[in-house]
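Let us walk through this structure step by step. Keep the 3D view open as you read.

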Amino acid sequence: PVCSMGNSTSRLYSALAKTLSSSAVSQHQDCLEQPDSAQLDPIDPKDLLEECQIVLQKRPPRFQRDFVDLKKNAASNHRPIRVMQWNILAQALGEGKDNFVQCPMEALKWEERKCLILEEILAYKPDILCLQEVDHYFDTFEPLLSRLGYQCTFFPKPWSPCLDVEQNNGPDGCALFFLKDRFELINSANIRLTAMKLKTNQVAIAQTLKCNETGRLFCIAVTHLKARTGWERFRSAQGCDLLQNLKSITQGAKIPLIICGDFNAEPTEEVYREFANSSLNLNSAYKLLSPDGQSEPPYTTWKIRPSGECRHTLDYIWYSQHALNVNSALGLLTEEQIGPNRLPSFNYPSDHLSLVCDFSFNQDPDRLL
């Protein structure tokens, strides 16, 4: 059923309500095929934001988050590249499996929650968007974001837990979006991660892009590693496999690299150390927000489950520190903003916070190699 957007004269004739019905995407085995949205008219982001705000008018306003300037007087003669990382919380899991005991079911209604997610994306205007737990790719994100000028790629988990939930919308997976007017796709790889030589249920997408403005190549990757305590060695093996794939794709770090992901791992875990000590010379962008530049944020996810409160740092944006500079990073929500019932909530659509960084190319990339 198409939900009324509350404004029958909307200039978009309700782009949100006209996204494909779930029945149109019930062929889950076709998940890797790209639907052709090229024939759809472009959307003005302001119009889409206005539509979202009409749907959300009964909800509290979006939280204010500020960018922290991290430039070390590095002059750059090109526009920064804004990268957004976010585990948006699969709808089927939010409603059916994750058991957020302090979050009212009303706050999880998809027709409104999708608008909160879109509002966050539209507010920060990323050039590249990396999402995990996407189970509404074909009926929401691909049709809308392609009309906003993004090229869209989706890679579902082979056995998504969403499929165990009644009235699910297909498997969840990783999705990668980049603005076609800023970048040209040179190469794309869908990677099913292995652990101990066995294929696993976790995936990654890695794309080599050419920046139209500078002509420079770089690789952007998105992943979501295995969840749960007790699986640390498994995550470590998945991380090693991803790093091996990325070494090959970047020709041993000749091509700069940005990796976004929900690693399901605290900074104390082995998989974190593998990325920090990799020959790809990676650094974690959000460490730069700490006073000494060496500590990760205190949390990127905060929720309450039947077993108690879970406050963890699991989400990261890694980057080639020899080739890229982090100009700024979006500050996290404070404990006061998050509130006593934690996430998700009427204010915020996911149990994970979005991370957003502005990158520029180092003018002398070979200096530190």
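Strands β11 and β12 form a hairpin, with two residues between them. β11 covers residues 301-305, and β12 covers residues 308-312. They pair in the antiparallel sense over five bridges. Within this pair, Ile304 stands opposite Glu309 in β12. β11 is mostly covered: four of its five residues are buried.

Some terms need their cut-offs. Strands (E, at least two residues) and helices (H or I, at least four) are DSSP runs, numbered from the N terminus. Two strands pair if DSSP finds at least two bridges between them. Buried means under 20% relative accessible area, exposed over 50%, and partly exposed in between, with a 1.4 Å probe and protein chains only.

This is a predicted model, where local features need pLDDT of at least 70 and side-chain atom pairs count only at pLDDT 80 or more, while totals for chains, interfaces and linings use all residues. Residues are numbered from 1 along each chain as its sequence is written, and side-chain values use heavy atoms, leaving out hydrogens and water.

Now turn to the open sheet. Its six strands run in the order β6-β7-β8-β9-β13-β10, with mixed pairing. β6 and β10 stand at the edges, each with a single partner strand, so one side of each is left without a neighbour in the sheet. β10 pairs with β13 (residues 315-320) in the antiparallel sense over three bridges. Here Leu282 stands opposite Ser320 in β13.

Look next at Ser284, which sits in strand β10 (residues 282-284). Is Ser284 buried or exposed? Ser284 is buried, with a relative accessible area of 0%. Contact means heavy atoms within 4.5 Å. Leaving aside neighbours within four places in sequence, Ser284 is in contact with Tyr272, Glu296, Tyr316, Ile317, Trp318 and Tyr319. The side chains of Ser284 and Glu296 are joined by a polar contact of 2.6 Å. Such a contact is a pair of N or O atoms within 3.5 Å; within protein, one must be able to donate a hydrogen and the other to accept it, and residues adjacent in sequence count only if both atoms are side-chain atoms.

Last comes the nonpolar core, a set of buried Ala, Val, Leu, Ile, Met, Phe, Trp, Tyr and Cys residues joined through side-chain atoms within 4.5 Å. The largest one has 72 residues, and Phe177 is among those with the most contacts inside it. Helix α3 (residues 110-124) gives the most to this core, with eight residues.
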